Amino acid sequence: MKRGKRLLAMLLCVIVFVSMMSTVASAASYPLISAKLESAKTIPQGEIGILRFMIFPEFKNEQYHVEIYNSYGTKIGSVDKQYYNASTGIKDVLITVNTNDLNMGVGTYTIKYWTSFYSLYSWHDSPSKYTYTLQVITNKCKNNHNLVVDDVVSEATCSKKGTVKVSCTKCDYWGYQEQYGEHTYGSWTKVDDASHQRTCTACSEKESESHSFNAGVVTKEPTCSTTGIKTYTCNTCGGTKTETVAKTNDHIYGNWNKQDDSTHKRTCNLCGKTESASHSWNGGTITKQPTCAATGIKTYTCNICGGTKTQTLAKTTDHTYGFGTKVDDNSHRHSCETCGQEETVSHVWDSGRITLAPTLEATGLREYSCKECTATKTEIVPKRASGDLNGDQKVDNKDVAYLLWHTLFPTSYPLEMFADFDFSNTVDNKDVEYLLWHTLFPDRYPLHAK
């Protein structure tokens, strides 16, 4: 009987042990953590960054572990914390990393993190473990970051802090900060001529500040005998204040009238006070043109009173010469039609005209005429080179273009010289092509037009 009880007890122990091992194995094989790690991926050396874990717990009693290793694999810091998972769902965990306290210089660091659960009177590590690379960078901003808010992690109120994600606009740093939310203020109301205030509708916090008055509006105009009033309105609360505007010395004057060639004056319509000022002359207008025989007149008008003054203009040296008389082959004489002055000057030749066209075998003639008398002169025009279709004494792309236009519009672009370079008895595109090759390779494509 005793042996039977002993065997039964041993059997029960084995069953319990197997059951426990089964439970442990079952729990250990289940993905106990589904974590997303967000952090200041780059922390400036000498500053504090915050790692953010979003953990999805599975059991009611779990704890997370965080370890920090340098580039040599040496652990330089760790964090362990226990929490209970009732029905809170996702766990948001913020871990502070102080680069000074952990003696973290510029370099790369590895963050290892995992969870463990409590079962059968002992802790068991989750099979899912994670690593994350953290960069400690050179502190370019020297603790003077220009931080802007990128995202809201948890909402804040004016009495409760929340978490926001921030980044620096000047360097690569980004991380998380805790801060209070803004007050929900009502409207600003005037307190006195110096300030106004408003009250938070959530916590009754009051805030005061100085008025922000506009430039003011004169609500009563001053005169030379009475003061005026200027009213200022606060741009924020709408409150007003007034100030006295001193009497003005601005008289109501009538029109300016010429006094002499230097000054004009005007009189106040209210008190009879007068004042004088210098004229403001315009640039003047020539009312009589000067010539080589007589002086002219320039009249100036005051821009203010309309008064005028005149100035004598000296005779000009610009003569109006008539058609000249030839003196010799180099000069002619002409006289001014206004004052009769005579002078002998050189001929002024025109561009000339061809009176005898040059050919391939013979020279031509060009005649020039003086533009100011009846004198003429002639010069010899050299023989044309074969292919010189526009007569400029050279064969180039202009002649190619002229020949092309001739093939298209023979009447508008006539040929003074023959251009049948391929001896086909027809001037066409082949001659254009031959002439073009001649301009590029004259030795290989000589010109012998018929």
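Trainee: In which loop does Ser204 lie?

Mentor: Ser204 sits in the loop between β14 (195-199) and β15 (206-210), where strands (E, at least two residues) and helices (H or I, at least four) are DSSP runs numbered from the N terminus. Please keep in mind that this is a predicted model, in which local features need pLDDT of at least 70 and side-chain atom pairs count only at pLDDT 80 or more, whereas totals for chains, interfaces and linings use all residues. Residues are numbered from 1 along each chain as its sequence is written, and side-chain values use heavy atoms, with hydrogens and water left out.

Trainee: How should I read the backbone there, and what is the phi of Ser204?

Mentor: As a general idea, most residues other than glycine have a negative phi. Ser204, although not a glycine, has a positive phi of about 65°. Another case is Asn103, likewise not a glycine, with a positive phi of about 55°, and Asn103 is placed in the loop between β6 (91-98) and β7 (107-119).

Trainee: Is Ser204 buried or exposed?

Mentor: The classes rest on relative accessible area, with buried under 20%, exposed over 50% and partly exposed in between, using a 1.4 Å probe and protein chains only. Ser204 has 53% relative accessibility and therefore counts as exposed, and Asn103, with a relative accessible area of 68%, is exposed too. Across the 450 residues of the protein chain, 30% count as buried.

Trainee: Which residues is Glu67 in contact with, beyond its neighbours within four places in sequence?

Mentor: A contact requires heavy atoms within 4.5 Å. Glu67, which belongs to strand β4 (residues 61-69) and is buried with a relative accessible area of 16%, touches Lys75, Gly77, Ser78, Thr110, Ile111, Lys112 and Trp114 once those neighbours are set aside. For the protein chain, 40% of the contacts with a separation of 6 or more are between residues 24 or more positions apart.

Trainee: With which side chain does the side chain of Glu67 make a polar contact?

Mentor: That partner is the side chain of Tyr69, at 2.5 Å; a polar contact is a pair of N or O atoms within 3.5 Å, where, within protein, one must be able to donate a hydrogen and the other to accept it, and residues adjacent in sequence count only if both atoms are side-chain atoms.

Trainee: How many bridges join β10 to β11?

Mentor: Two strands pair if DSSP finds at least two bridges between them. Here six bridges join β10 (residues 147-154) to β11 (residues 161-168), and these strands run antiparallel. Val152 stands opposite Val164 in β11, while a hairpin of six residues links β10 to β11.
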